[in-house]
Amino acid sequence: VQDLRSLVTCAFQQTRQNLLAHPVTHLPQGNPVDERLGTCLGRMDWVILLISLLNLERFRTTYGDVMADDALRVVGRMIRDTMLASGGTQDFLGHLNTKLFVLVTSPERYASLRENIGSRLEQSLEYFYPIKDRRQYARKGMSLGLRMDVLQPADGNFTTLEALKDALLDRSQETI
C-alpha cells in the first residue's frame with residue numbers, strides 16, 4: 001500500500017510539473033512565471049528581457065508543426081544555454097506565451113545577455129529552413145525573426161502582477 005501511495009504521489013507531482021512547463025520548450029509557464037514576476041514588484045533591481053520569435057505561425061503553416069516546434073525548442077534552449085553560460089544562475093527564463101520568452105535578470109547583466117542572445121540567435125535562425133528556401137524567405141522578409149525589448153522598473157509603476165504583465169504584453173506588441 002505504501003509503494004502504491006508513493007507511485008501515485010510521484011505521478012501526480014510529475015503531471016503537475018508538466019502542466020507548469022511549456023510542452024515544447026519545457027521552460028516554465030503560468031504560475032511559476034507569475035511567481036517570479038511577482039518577486040519584482042516593489043524592487044528596483046530587475047530587468048526583464050522580452051524575446052519574441054517572429055513569423056513562427058507562417059513557418060508552421062509552410063513547414064508543419066514538427067519543424068516549428070523544433071525551431072521553438074532550439075531557440076528556447078539557445079536562450080537558456082546563453083543565460084547559463086554567462087553565469088546566470090539567479091536569472092529566470094520562462095514563457096509569457098508561446099512566442100514570447102521572458103528573461104528576468106539584473107540591471108548589470110541585461111546588456112551583455114541581450115547582445116549575446118541576439119547575436120547567437122540571429123546567426124542561427126536561417127538554419128531552420130531547408131537550403132533551397134533560405135534565400136527565398138530572406139528576400140520576402142518572411143523568415144523567422146527575432147525581436148528583443150526590455151522592461152525595467154523605471155518604465156512604469158508596477159504595483160501589481162497584472163500591471164507588470166500588462167506592460168510586458170504591451171511592450172511585446174510594440175516589438176512584433
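How many bridges join E2 to strand E3? I looked it up: five bridges join E2 to E3 (residues 100-105), and the two strands run antiparallel. Strands here are DSSP runs of E, at least two residues, and helices are runs of H or I, at least four, numbered from the N terminus. Two strands pair if DSSP finds at least two bridges between them.

Before going on, I noted that this is a predicted model, where local features need pLDDT of at least 70, side-chain atom pairs count only at pLDDT 80 or more, and totals for chains, interfaces and linings use all residues. Residues are numbered from 1 along each chain as its sequence is written, and side-chain values use heavy atoms, with hydrogens and water left out.

**The sheet.** I found four strands in an open sheet, ordered E2-E3-E1-E4, with antiparallel pairing. E2 (92-97) and E4 (145-151) are at the edges with a single partner strand each, so one side of each has no neighbour in the sheet. The twist averages 25° from one strand to the next. (Angles run from 0 to 180 degrees between N-to-C directions; axes are lines fitted to C-alpha atoms, for helices over the stretch in contact.) I also spotted Leu 93 opposite Leu 103 in E3.

**Helix H4.** I saw H4 lying across E1 (47-54), E2 and E3, at about 10° to E3. H4 (residues 65-85) also packs with H5 (residues 110-124) at about 145°, with the axes 10 Å apart. Among the residues in contact (heavy atoms within 4.5 Å), I listed Val 75 and Met 78 in H4, and Leu 113 and Arg 120 in H5.
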